[in-house]
Amino acid sequence: MTTCRRFYRECPEFSICVNIGKKDYVLAEDPGERYTIFQYGINGKGKFGRIFESDYITFEGGKFYDVREYVHDNVVFHAQEDFFLIGFNTQDKSQRWEGRLVTESELDVTSHTPEIKYNRHFIICFDGKPVVNGKKLKRYDFSEIYPNKKYNIEHTGVIGLFTKL
Amino acid sequence: MLPNILFKVISNNPTHQQMTVKFCRENAPESIENYETYNISYSNLDFSSSNALIESIRSVGSSIAQQQFLDEPILEENKSSNDIDSIDIEDYVGKIVSVSFNATKELNEVEL
């Protein structure tokens, strides 16, 4: 039997949804429930795309995906292997976000450009136990990141950086 | 499924249109006699039928019984160990771990 365990956690600015399931599981979402704009695969593999369209993305473990363009669509995910996916969800589809994995060992979001001065930045721990400014993060821990402050990162895990524009 | 609520009318005062009642849940660890007594005004009760009367007493008692449940002390022998940060089951053997009854819906924010 193909199964999937799903859960959801939120804070005022965003939420995450987690799907952990078995090979061959099929998950469909309509635009009314779809708020995922970035996706990180902890492990496993599966095809993701718009329903009835031939184009698709293959989600793979250890990779980060920008799925903003699908947020208003009927989508489907078909697991090719047992999988563990984390989705970053906006609370408001009209709100613009940027997202990426953090690779630098010193994170600095300071900007002197006026129009992006008021962006808000958040990091989320997706995997492992990365250490930021001496604090060890666990999976799903998040923190707001402020300009004019440097964040030293020991990459003993995976961290996503999300900017609310 | 939660246990039934017990109530016992301790006194009735028609002159002042009120009564005193004790509440507890059916599987309470103590006798209902050991629980606090509450005054209930007739104005909070429904006398249209016996069922309606009991239901209106229940509506007063349910939050009281729930609070009693939440206020029960934790037995010394049920106090949990420190957080265990491990995925090795061996590290959990013989230790008491405390987790919230419902799955949390809030993300954990860390100050950096």
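Across the interface of chain B and chain A, eight residue pairs are found in polar contact, with both residues of each pair at pLDDT 80 or more. By class, the side of chain B that touches chain A comprises five charged, three nonpolar and two polar residues. Although charged residues are present on this side, the count of salt bridges between chain B and chain A is zero. The model described here is a predicted one.

The extent of the interface can be stated both in residues and in area. Ten residues of chain B are in contact with 20 residues of chain A. The size of an interface is often expressed as the accessible area that is lost when the parts come together. Between chain B and chain A the buried area is about 1300 Å², and carbon and sulfur atoms give 55% of this area. Within chain B, the residues that lose the most area to chain A are L107(B), V110(B) and L112(B); together they account for 55% of what that side buries.

Chain A also contains an open sheet of four strands, in the order β11-β16-β13-β14, with antiparallel pairing. The edges of this sheet are formed by β11 (106–107) and β14 (135–136) of chain A. Each of these two strands has a single partner strand, so one side of each is left without a neighbour in the sheet. For β11(A), the pairing with strand β16 (residues 151–154) of chain A is antiparallel and runs over two bridges. The bridge partner of L107(A) in β16(A) is Y151(A).

Methods:
Residues numbered from 1 in each chain as written. Chains lettered and ligands numbered in written order. Predicted model: local features only at pLDDT ≥ 70, side-chain atom pairs only at ≥ 80, totals over all residues. Heavy atoms only, no water. Pairing = 2+ DSSP bridges. Contact = heavy atoms within 4.5 Å. Buried area = accessible area lost by both parts, 1.4 Å probe. Salt bridge = Lys/Arg side-chain N within 4 Å of Asp/Glu carboxyl O. Polar contact = N/O pair within 3.5 Å; in protein donor to acceptor, adjacent residues only side chain to side chain. Nonpolar A, V, L, I, M, F, W, Y, C, P; charged D, E, K, R; others polar.
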